[in-house]
Amino acid sequence: MTRGKYDVVVVGAGHNGLTAAAYLARAGLSVLVLERLGHVGGAAVSAQAFPGLPTRLSRYSYLVSLLPDRVVTDLGLDLELVSRSTASYSPTVRAGRATGLLVERNEGEATRASFRELTGSDDEYDAWRAFYDGVAGLARAVAPTLTQPLATDAAIRAQVDPQVWRDVVERPIGEAIARRFRDDLVRGVVGTDALIGTFASLHDASLVQNRCFLYHLIGNGTGEWRVPVGGMGAVTDALARAATDAGAEVLTGAGVSAIRPAGAGEPVEVRWHDGSAEQAVEASYVLANVAPWVLRVLLGEEEDPATKPEGAQLKVNLLLSRLPRLRSGIDPEVAFAGTLHLAETAADLEVAWAAAQRGELPDPLPGEVYCHSLTDPSILGDVPPGTHTLTYFGLHTPARLFAADPEGTRAEALRLAMASLDAVLEEPIDSVVMRTPDGEPCIEAKTPQDVEADLAMPGGHIFHGHLEWPWASARARLETPGERWGVQTDHPAVLLCGSGARRGGAVSGLGGHNAAQAVLEDVAATGSAVGDFTRAGLRW
Ligand SMILES: Cc1cc2nc3c(=O)[nH]c(=O)nc-3n(C[C@H](O)[C@H](O)[C@H](O)COP(=O)(O)OP(=O)(O)OC[C@H]3O[C@@H](n4cnc5c(N)ncnc54)[C@H](O)[C@@H]3O)c2cc1C
């Protein structure tokens with residue numbers, strides 16, 4: 001039973017909605033979170049994907065980089081994020097011989113030696129070091145600002161090497177990659193960070209790929225992608241505990257159908273359906289954890305197909321009886337511990353993008369694979385020794401390709417994904433895929449349409465829409481708390497608190513943190529909350 005009025009109603013209990021709820025409830029505001037699904041977490045969940053087997057896989061998102069340590073500390077999250085021993089391995093064939101490029105997490109002699117063996121000299125590795133040292137400078141300038149009101153681009157730019165700024169912020173990232181690196185595999189390994197969750201050419205004039213690249217490199221100032229112990233559900237569980245322990249109410253099975261802002265200073269009405277009847281509640285602030293495109297529909301606008309985001313990834317979860325051997329002869333426990341790049345040379349990526357643009361599934365299909373259970377076996381449960389999880393994330397499979405024949409195209413995309421993997425394996429992946437007690441192969445494939453159906457991410461876009469620069473341009477209006485924190489909508493009492501907020505993309509809690517800060521700033525300025533909030537009530 002909910003009360004009729006709250007300081008804040010959060011629409012959606014994704015990890016960002018829970019983050020906002022935790023901050024606001026700890027500050028003493030009354031908070032109700034409404035979630036359409038029967039559970040919390042959105043795309044940050046663990047699931048027992050294969051009937052009869054206990055393993056709990058990170059079903060959608062799987063690695064964490066952008067969650068600021070500060071959010072973990074502020075909310076006292078009981079959460080362990082651990083490093084992978086390998087950063088990446090990229091199998092390839094040179095002079096007819098299977099080989100590969102190994103990048104350790106702590107780059108040492110093995111990484112340098114791998115570059116030298118692949119490219120014939122130290123030049124490419126020196127270029128790699130120089131490039132990433134420059135990008136690290138940019139990351140160090142941006143990271144601390146992510147949990148602050150928006151910095152201006154001029155303020156960030158003043159701290160960054162001008163060439164790095166030009167390469168990453170002003171010109172298509174493909175230009176810098178082509179100029180700085182000679183080896184096409186190295187170029188591809190660098191370029192993939194620009195294309196995870198973003199359907200674009202590395203040379204796209206919109207620079208949407210540059211923004212994606214930046215987000216992949218700035219997390220906590222290092223850009224390291226870490227493994228959440230217990231799977232992605234552990235992130236959500238910790239946030240849900242922080243929210244409810246602080247007094248937030250979380251209602252699942254509550255699909256919001258309308259958000260109705262009234263005049264300035266008037267409460268906003270939120271309507272939802274609890275499965276049996278329509279319900280309504282009023283709030284001083286509504287935080288939208290849903291995508292901006294979904295929010296517009298909830299605010300009463302017609303669905304506009306022209307502005308609907310479009311996802312472009314194929315996510316495949318597998319359970320293996322053991323890790324397969326690779327043609328290059330590398331130890332599978334080294335190769336699969338990091339990101340294993342498949343068909344991701346720069347040329348492969350451009351050819352695949354062009355094919356998808358023409359309406360064809362790319363062949364070979366670029367994608368990357370990683371094994372969670374090598375770093376964190378806790379998700380496996382009681383399974384035979386040697387069992388491992390495998391996650392495949394395929395690029396350049398936009399939703400439009402699946403529209404005419406969703407089932408048939410999913411099956412074909414899965415075949416192509418497994419063929420990309422088989423191309424680098426000594427033994428077919430099929431031979432090591434586990435089966436459920438019913439004899440079904442432990443393979444689960446999710447197209448953008450599946451992600452949309454499961455999670456209401458429009459078009460299956462993993463970031464709720466294109467990523468934006470994590471700073472404000474000189475011309476941006478920064479008058480209201482919502483504008484200063486990059487969470488504003490057209491309605492002052494309705495704020496974005498999800499992946500679609502500026503700086504909100506990925507598993508970061510930033511959308512939630514920043515929306516909560518905007519509310520607290522507004523409350524402090526206007527005293528507009530209805531609850532018992534006072535500045536002294538802040539508990540951190
Ligand atoms: C396949 C895949 C792989 C990814 N991999 C990674 C990764 O490894 N690392 C990473 O950092 N990011 C990754 N991402 C992106 C990341 O998961 C998302 O950006 C992030 O989870 C978004 O969190 P959120 O809380 O903003 O929104 P969501 O997770 O989308 O949560 C929104 C919530 O709102 C609910 N909702 C929607 N409509 C309504 C309604 N009308 N009423 C009530 N509730 C509603 C939804 O059910 C959902 O629970 C991946 C995403 C996908 C899909």
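This is a predicted model: local features need pLDDT of at least 70, side-chain atom pairs count only at pLDDT 80 or more; totals for chains, interfaces and linings use all residues.
Residues are numbered from 1 along each chain as its sequence is written, and side-chain values use heavy atoms, with hydrogens and water left out.

**Two packed helices**

- Helix H6 (residues 162-170) and helix H7 (residues 173-180) pack with their axes 6 Å apart, at an angle of about 125°; H6 and H7 are therefore oblique to each other.
- On the H6 side the contact is made by Gln-163, Asp-167 and Val-168, and on the H7 side by Ile-173, Ala-176, Arg-179 and Arg-180; contact means heavy atoms within 4.5 Å.
- By class, the residues of this contact of H6 with H7 are three nonpolar, one polar and three charged. Ala, Val, Leu, Ile, Met, Phe, Trp, Tyr, Cys and Pro count as nonpolar, Asp, Glu, Lys and Arg as charged, and the others, Gly among them, as polar.
- The axes are lines fitted to C-alpha atoms, for helices over the stretch in contact, and angles run from 0 to 180 degrees between N-to-C directions.
- Helices (H or I, at least four residues) and strands (E, at least two) are DSSP runs, numbered from the N terminus.

**Cavities and a pocket**

- On a 1 Å grid over the protein atoms alone, a cavity is a set of points where a 1.4 Å probe fits but cannot get out, while a pocket is an open set with protein on both sides within 12 Å along at least five of seven lines; lining residues have an atom within 4 Å of a point.
- Grid points are joined across faces, edges and corners, and a volume is the space filled by probe spheres set on the points.
- The whole structure holds two cavities of 30 Å³ or more, and the largest cavity has a volume of about 50 Å³.
- Lining the largest cavity are Leu-57, Ser-58, Tyr-62, Tyr-370, His-372, Ile-379, Thr-389 and Thr-391, with at least two residues each from strand E4 (57-58) and strand E16 (388-394).
- That lining has four nonpolar, four polar and no charged residues.
- The second largest cavity has about 40 Å³ of space, and its lining includes Tyr-215, His-466 and Arg-502.
- The second largest pocket has about 500 Å³ of space; of its 28 lining residues, Gly-265, Tyr-285, Pro-492, Ala-493 and Asp-522 are the closest to its centre.

**Buried residues in loops**

- Val-507, in the loop between strand E18 (494-496) and helix H18 (510-526), counts as buried at 9% relative accessibility; buried means under 20% relative accessible area, exposed over 50%, and partly exposed in between (1.4 Å probe, protein chains only).
- Leaving aside neighbours within four places in sequence, the contacts of Val-507 include His-15, Met-232 and Val-235.
- Thr-436 lies in the loop between helix H15 (406-422) and strand E17 (443-446) and is also buried, with a relative accessible area of 8%.

**Backbone details**

- The peptide bond from Asp-363 to Pro-364 is cis, with omega near 5°.
- Ala-95 has a positive phi of about 50° although it is not a glycine, and Ala-95 is exposed, with a relative accessible area of 88%.
- Leu-207 has a positive phi near 65°, but Leu-207 is buried at 11% relative accessibility.

How values were computed
Angles under 35 degrees count as roughly parallel, over 145 as roughly antiparallel, 65 to 115 as roughly perpendicular and the rest as oblique.
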